[in-house]
Amino acid sequence: MPDEGGARWATLKDASGREYIYNEDTKETRWLWTTHTDPGSKRQYRANALTRKTEWLLDSSSADGASAEVVCTATDGRRYVYNKITKESRWLPSHMSPRRPTLAPGEAAGVLGRAFRSFRAKIVLLKMRFVSANLNATMDKLREGTELDIQKLSEE
């Protein structure tokens, strides 16, 4: 990805998942995001080395000293930051969110077994609906083609 000066940069990740950029021409590396302090408010923010985009960091404070940003957890376990003043939210990078729990092999087998049984029951129900619809269509064709009273036949 070229920067403002036209230099070509590649975005990569280190072993811990932090992003950095590599200049293919000069062989230079830099962190993609760098931390700075705003001289007026003394709040910390981060800046993107390629796009020049800036974001306030989690410890940013409102004028009354209370924290303006709250870290929240979504139902799927991912974490995000909600700013009470601006009413904006953003996802935290995956390396800042807790890892999703893993299942032991025995637990995984149980979960898969329950899912399979539930799926199998749904397949059986769909087949029954299909057979029922075809049976009704066949009975309608029989009624149209003959003068037999199907109701009388079923009672006999």
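User: In which strand is Asn48 found, and is Asn48 buried or exposed?

Analyst: In this predicted model, Asn48 is found in strand S5. Burial is read from the relative accessible area, with values under 20% counted as buried. For Asn48 the relative accessible area is 9%, and the residue is therefore buried.

User: With which residues is Asn48 in contact, leaving aside its neighbours within four places in sequence?

Analyst: Once those neighbours are set aside, Asn48 is in contact with Leu32, Trp33 and Lys53.

User: How should I read the sheet to which strand S5 belongs, and what is the order of its strands?

Analyst: As a general idea, the strands of a sheet pair through backbone hydrogen bonds, and the pairing is either parallel or antiparallel. Here the sheet is open and has 3 strands in the order S4-S5-S6, with antiparallel pairing. Strand S4 (33-37) and strand S6 (54-56) are the edge strands, each of them pairing on one side only. On average, and with direction ignored, neighbouring strands of this sheet are turned by 30° against each other.

User: Over how many bridges do S5 and S6 pair, and which residue in S6 stands opposite Ala47?

Analyst: Strand S5, which covers residues 44-48, pairs with S6 in the antiparallel sense over 3 bridges. The residue that stands opposite Ala47 is Thr54 in S6.

User: Over how many bridges do strand S7 and strand S8 pair, and which residue takes a positive phi in their hairpin?

Analyst: Strand S7 (residues 69-73) and strand S8 (residues 79-83) pair over 5 bridges in the antiparallel sense, and within this pairing Glu69 stands opposite Asn83 in S8. The hairpin has 5 residues between the strands, and Gly77 takes a positive phi near 95° in this hairpin.

User: What are the distance and the plane angle for the rings of Tyr80 and Trp91?

Analyst: Their ring centres lie 5.6 Å apart and their planes are at 75°, so this pair is edge-to-face. The pair links distant parts of the chain, with Tyr80 in strand S8 and Trp91 in strand S9 (residues 89-91), 11 residues apart. Tyr80 counts as partly exposed at 24% relative accessibility, and Trp91 counts as partly exposed at 46%.

User: Which residues does UniProt list for "domain: WW", and how much helix and strand do they hold in the model?

Analyst: The UniProt record, an unreviewed entry, lists residues 9-31 for "domain: WW". Over these residues the chain is 0% helix and 57% strand, and the end C-alpha atoms are 12 Å apart.

Methods. Residues are numbered from 1 along each chain as its sequence is written. This is a predicted model: local features need pLDDT of at least 70, side-chain atom pairs count only at pLDDT 80 or more; totals for chains, interfaces and linings use all residues. Side-chain values use heavy atoms; hydrogens and water are left out. Two strands pair if DSSP finds at least two bridges between them. Helices (H or I, at least four residues) and strands (E, at least two) are DSSP runs, numbered from the N terminus. Axes are lines fitted to C-alpha atoms, for helices over the stretch in contact, and angles run from 0 to 180 degrees between N-to-C directions. UniProt positions are given in the numbering used here, feature names are shortened, and annotations may be inferred rather than shown by experiment. Buried means under 20% relative accessible area, exposed over 50%, partly exposed in between (1.4 Å probe, protein chains only). Contact means heavy atoms within 4.5 Å. Rings of Phe, Tyr and Trp (its six-membered ring) pair if their centres lie within 6.5 Å; planes under 30 degrees apart count as stacked, over 60 as edge-to-face and the rest as tilted.
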